[in-house]
Amino acid sequence: MLLSTQSLLMQRAFGYENGVRKLAEIGFDAYDFTMFDMAEQPDDPMTRADYKQTCSALRAAAEKAGIVCNQTHAPFPSIRINNTAWNETMLNDYLIRSLEVTALLGGEACVIHPCNDWSAEENAEKLYRPLEKHAKQLNVKIAVENMWNYSQEQKRAVPAACATAEDFERHLNLLDPETFVACLDIGHAEMLGDCVSAVELIRALKGRLRCLHVHDNDKKSDWHTIPYTGSIHWNDILNALKETNYNGDFTFEAGLGIMKFPLELQTEATKLLYAVGRYMISKIEN
């Protein structure tokens with residue numbers, strides 16, 4: 001099982017190539033290439049005309065350093081209700097570009113969020129099926145992730161698309177299993193109280209589960225912090241991954257927790273994250 005983490009902080013601090021070199025020096029086997037800045041920064045390298053050359057240089061640097069791209073994360077939200085301009089740009093440009101970048105970097109899957117407020121049928125018809133032909137041509141998979149919304153009335157996180165086992169399975173059953181897989185965000189699952197748990201989703205998804213986003217929280221808010229610094233009970237989750245013979249990679253998405261440290265300590269905090277990852281994998285594999 002490869003140990004991976006999102007590339008976002010290191011690539012922002014050191015640039016793409018030096019960022020993955022830093023992750024390789026720390027010991028990570030792989031990196032989850034983060035493309036959030038595609039939609040947030042007006043001149044992001046992945047939106048430029050020379051993005052293919054940028055990807056080629058990044059892949060060469062990573063391979064020389066002994067680290068691979070195992071998965072990527074497309075910009076989000078994929079859909080904004082009643083925002084036609086945003087939706088057209090995402091569907092016709094950024095999401096297709098994200099799939100292409102995944103292939104150029106050698107990644108297996110690209111995580112693309114469903115629209116939080118659409119049904120499984122709407123997400124399949126309006127979002128995922130239009131991307132399917134591109135994924136097939138590029139020989140990459142699209143990973144569907146479990147989401148959440150926040151209720152001002154209830155003052156808590158509430159289920160959104162793919163949040164429950166039933167809805168996640170409904171989404172996947174409408175999509176070609178050769179192209180579409182599940183990405184379980186453990187932190188998202190653990191925010192929703194009694195209606196779902198990460199263990200329940202692991203057991204329900206079984207063979208469709210190929211990607212993880214591993215991070216901790218207080219079981220109420222989306223902290224994205226280092227495991228064992230929040231309230232999630234990890235033993236049950238690791239046991240469920242072991243018992244269901246999970247055979248994907250172990251990928252952290254704990255960047256917000258790393259960002260709490262001063263910039264000068266963020267590399268050291270990432271080293272701690274690495275040590276936590278090796279410990280957690282040992283619990284799954286042994």
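The following legends describe close-up views of a predicted model.

**View 1. Packing of helix α2 against helix α4.** Helix α2 spans residues 16-26 and helix α4 spans residues 51-65; their axes come within 9 Å and cross at roughly 20 degrees. Because angles under 35 degrees count as roughly parallel, α2 and α4 are therefore described as roughly parallel to each other. The crossing in which α2 passes α4 is right-handed. On the α2 side, the contact involves Tyr16, Glu17, Val20, Arg21 and Ala24, which meet Thr54, Ala57, Leu58, Ala61, Ala62 and Ala65 of α4. By residue class, this contact of α2 with α4 comprises eight nonpolar, one polar and two charged residues.

View 2. Eight strands in parallel pairing make up an open sheet, with the order β9-β8-β5-β4-β3-β2-β1-β10. At the edges lie β9 (209-213) and β10 (250-252), each of which pairs on one side only. On average, and with direction ignored, neighbouring strands of this sheet are turned by 30 degrees against each other.

View 3. Strand β5 (residues 141-145) and strand β8 (residues 180-185) run parallel and are joined by four bridges.

View 4. His171 is located in helix α7, which covers residues 165-173. With a relative accessible area of 1%, His171 is buried, because the term applies under 20%. When neighbours within four places in sequence are left aside, the residues in contact with His171 are Ser119, Ala120, Asn123, Ala161 and Cys162.

View 5. Ile67 lies in the loop between α4 and β3 (68-73). This residue, Ile67, is buried, its relative accessible area being 1%. Gly27 is 40 residues apart from Ile67 along the chain, and the C-alpha atoms of the two are separated by 8.7 Å. Apart from neighbours within four places in sequence, Ile67 is in contact with Val20, Leu23, Ala24, Phe28, Asp29, Ala30, Tyr31 and Ala62. Among these contacts of Ile67 are Val20, Ala24 and Ala62, which also take part in the meeting of α2 with α4.

Notes:
Residues are numbered from 1 along each chain as its sequence is written. This is a predicted model: local features need pLDDT of at least 70, side-chain atom pairs count only at pLDDT 80 or more; totals for chains, interfaces and linings use all residues. Side-chain values use heavy atoms; hydrogens and water are left out. Axes are lines fitted to C-alpha atoms, for helices over the stretch in contact, and angles run from 0 to 180 degrees between N-to-C directions. Helices (H or I, at least four residues) and strands (E, at least two) are DSSP runs, numbered from the N terminus. Angles under 35 degrees count as roughly parallel, over 145 as roughly antiparallel, 65 to 115 as roughly perpendicular and the rest as oblique. A crossing is left-handed if the near helix is turned anticlockwise from the far one by less than a right angle, and right-handed if clockwise. Contact means heavy atoms within 4.5 Å. Ala, Val, Leu, Ile, Met, Phe, Trp, Tyr, Cys and Pro count as nonpolar, Asp, Glu, Lys and Arg as charged, and the others, Gly among them, as polar. Two strands pair if DSSP finds at least two bridges between them. Buried means under 20% relative accessible area, exposed over 50%, partly exposed in between (1.4 Å probe, protein chains only).
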